[in-house]
Structures are given as structure tokens and as C-alpha cells.
Amino acid sequence: MPSPTSRLADPVKPLLQSLRLAAPGVMICLMAAIAAQFISEHYGAPAMLMALLFGMALPFVSDPQSRTASGVGLAARSLLRLGVALLGARISVTMLMDLGFGTILLVAAGLVATILFGMALARLLGRSASFGFLTAGAVAICGASAAMAIAAVIARPGRGKEDEDDLLFTVLGVTLLSTLAMILYPILAARLGFDATASGVFLGGTIHDVAQVVGAGFSISPEVGETATLVKLMRVAMLAPVVLVASLVMMRQSGDGPAPAGGRPPLLPGFVLGFIALAALNSLGLISAALSDLAATLSRWLLLTAMVAVGMRTSIQRLLSLGPVAAVVLIADTLFIAVFILAGLRWTGHF
């Protein structure tokens, strides 16, 4: 009969093995992040942008056949989520109240309007409404994560290859567009004379992926980065009701819910729950200032490392090989939500 120690070691061994396999890729990402921080401190360049550019210069590190691919994947996914979750230690209910009901309403309205616009445009250009929902949902909520969650509930029997192609295009497309927005939107916010709050609302309310929102926000200032992250996580939290509604609609149309291989992803990502939990503890005064600062420092390094990995996994060539009509839909969705949020900020007197 195995001892309690051996039973405990059984699940630990595969975990340690996975960490050993991921270590080379993570270490390369970390070294690039250190270089990005060095350039930022000595030459004034935005650290997040430098991390992204270093990653894009090293795409071979994420090659699936390389020893470093698993570590890059771990950095782009798990380290990113952990870094964002730790930001919750600096967020409180007071900050959310400072955003105001108008901001919350603006972000929610922008999400719904973008999804409806994307579905209508896709049908107008000869694509299916489900493709429009997939692309617009990814743009409106949280990029690739939303695309994968939505794809799981709109998958139809007999269209496996087509659904996979649509998902691949959407993930690649929102990654590239988020990268471009991360570079261009802070410049636009500065040209429009936005203050820290307006800049954070604009960046968090329009950029697709969490990583690029964090990069864009903190490239301006910590205050803008925290506001942008908070607004972005408001959008991420809306993934749950959107996917739930989509699932119910699909069940009604097909008679039962689709059951994609591998099961559906959770409605609310775990890193969002972690962010909310830490924010709640901070709101209650249970996180000291020293611990909050430590969490912020650790979060910054995790996010820099993740940003390098995101850059390594960005493939412009593969995106350009896909259909022009699909690209028009995705770009139009991106422009629509940007114009919608800008119009809302204008209407509320931010510029």
C-alpha cells in the first residue's frame, strides 16, 4: 500500500516536469523583459512597448518544434493572468466609484452596440451572423479569450473546419489589431488632450486584449494603466452574460446545447476572479501599503515577461493570408467601438 507521501508526490511529479520543460522559454522571455526595463529606465522608452518589440524580433523562440515553445505559451497565458490578477491589490471600490455610473453605462453600451453592428455587417457582406458575433464579441469583450469562449458555444455539427478557420482568423486578427491599437491609441489620447481618467477609459474601453490594454495604459502612466485595466476587466466580466446568452440561443435553435470536444471554457476567467478577490480585500483595508506595492512590482515584471511572449506569438504573415472580407468585418468592428467610446467621452464632456 503506497504511503501518504508517495500519494502526494504522484500529482506533484507531472507539475514539476511541466515547469522544467517551460523554464527555458520563460527565462528567455524574462531576459528580454529585463532588457526592456533597462532601456526604459536609461533611455525613456515605454517598457511595455520595448518588451513587445523584443518579442516580435524573436518569433523563432515560440516555434512549436523548439524546446522553448511551452515556456512562451506559459508566459503568454499563465503569467499574464497572474500579473493582471495581482493588479487587483491596488484597485478598490473607491476607484470604481470614481469612474462613475456614466462610464460603466458607456462601456456596457459599447459592447452591446459593437456585437449588434458586427453581426449586421457580416450578414451584409455575405458572411454568417455567427461569424459576425464571433469577431464582434472578440473585439467588444476580451480578444482571443472571448473568441475561444464564443466559438465553443456557436460551433455547429458538420462545420468543424470552417469554425476552426473563423476562430484562427479572429484570434490572429484581434492580436494584430490590439498590437496596433496599443501603439497608436496612446498617441491619439495625447493628441485629444485626454486626462488620466479619460485616457484610461478610452484605452480600456476599446483595445481588445488585456495584455495590450495594460501595455498601452502603463506606457502613459501608472494611473492611466490602472484605470485602463479596471475598465478592461469590466468588459472581461461581461464575457459571462454574453456567452451565457449565446449558449441559450444555440440551445433554442438546435434543441440542445452544442458540445464541442474538450468542453466549454469557464464563463468567467479565473484571473478575473482573482483580480476581484484582491480588489475586495484591498477595499476592506486588509492589504497593507507595503504588500500592495510588492504586488504591483511583481505584477509589472510578470506583465513585462508576458508581453515579450505575446510579441513572439504574433504572426503578421499568417493574418495577411486570410480573406479580405473577414478582415473588413474585424477592422470595422474595431473602428466602431473606438468611435463609439470616443463619442461617449465627447458627450460626457471629456474633450
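**Cysteines, burial and helix packing**

C29 is buried, its relative accessible area being 0%; here buried stands for under 20% relative accessible area, exposed for over 50% and partly exposed for values in between, with a 1.4 Å probe and protein chains only. The model is predicted, so that local features need pLDDT of at least 70 and side-chain atom pairs count only at pLDDT 80 or more, whereas totals for chains, interfaces and linings use all residues. Residues are numbered from 1 along each chain as its sequence is written, and side-chain values use heavy atoms, with hydrogens and water left out. C142 is also classed as buried, at 4% relative accessibility. A disulfide is a covalent bond between the sulfur atoms of two cysteines. With a pair of cysteine sulfur atoms within 2.5 Å as the criterion, a search of the whole structure gives 0 disulfides.

The secondary structure of the protein consists of 15 helices and 0 strands, where helices (H or I, at least four residues) and strands (E, at least two) are DSSP runs numbered from the N terminus. The protein has 351 residues, of which 48% count as buried. Contact is taken as heavy atoms within 4.5 Å. Among contacts between residues at least 6 apart in sequence, 79% join residues at least 24 apart.

Packing of helices was examined for several pairs. Two packed helices are described by the angle between their axes and the distance between the axes. The axes are lines fitted to C-alpha atoms, for helices over the stretch in contact, and the angles run from 0 to 180 degrees between N-to-C directions. Angles under 35 degrees count as roughly parallel, over 145 as roughly antiparallel, 65 to 115 as roughly perpendicular and the rest as oblique. A crossing is left-handed if the near helix is turned anticlockwise from the far one by less than a right angle, and right-handed if clockwise.

Helix α12 (residues 270-283) and helix α10 (residues 222-237) cross at roughly 130°, and their axes come within 11 Å. The two helices are therefore oblique to each other, and α10 passes α12 in a left-handed crossing. On the α10 side the contact involves T229, L230, L233 and V236, which meet F271, V272 and F275 of α12. Sorted by class, the contact of α10 with α12 comprises 6 nonpolar, 1 polar and no charged residues; in this scheme Ala, Val, Leu, Ile, Met, Phe, Trp, Tyr, Cys and Pro are nonpolar, Asp, Glu, Lys and Arg are charged, and the others, Gly among them, are polar.

Helix α12 also packs against helix α3 (residues 69-87), at an angle of about 20° and with the axes 7 Å apart. α3 is therefore roughly parallel to α12, and the crossing of this pair is right-handed. R81, V84, A85, L86 and L87 of α3 form the contact with F271, G274, F275 and L278 of α12. By class, 7 nonpolar, 1 polar and 1 charged residues take part in the contact of α3 with α12.

The residues in contact are A211, Q212, V214 and G215 of α9 and L303, M307 and V310 of α13. The class count for α9 with α13 is 5 nonpolar, 2 polar and no charged residues.

Two further residues of helix α13 (residues 289-312) were considered, one of them L294. L294 is exposed, at 55% relative accessibility. Its C-alpha atom is separated by 9.4 Å from that of A89, 205 residues apart along the chain. T297, likewise in helix α13, is partly exposed with a relative accessible area of 45%.

Among the buried residues, S199 is located in helix α8 (residues 196-206) and has 4% relative accessibility. Leaving aside neighbours within four places in sequence, S199 contacts A189, F194, I220 and V224. L172, in helix α7 (residues 160-191), is buried with a relative accessible area of 11%. The C-alpha atoms of L172 and G143 are 9.6 Å apart in space, and the two residues are 29 residues apart in sequence.
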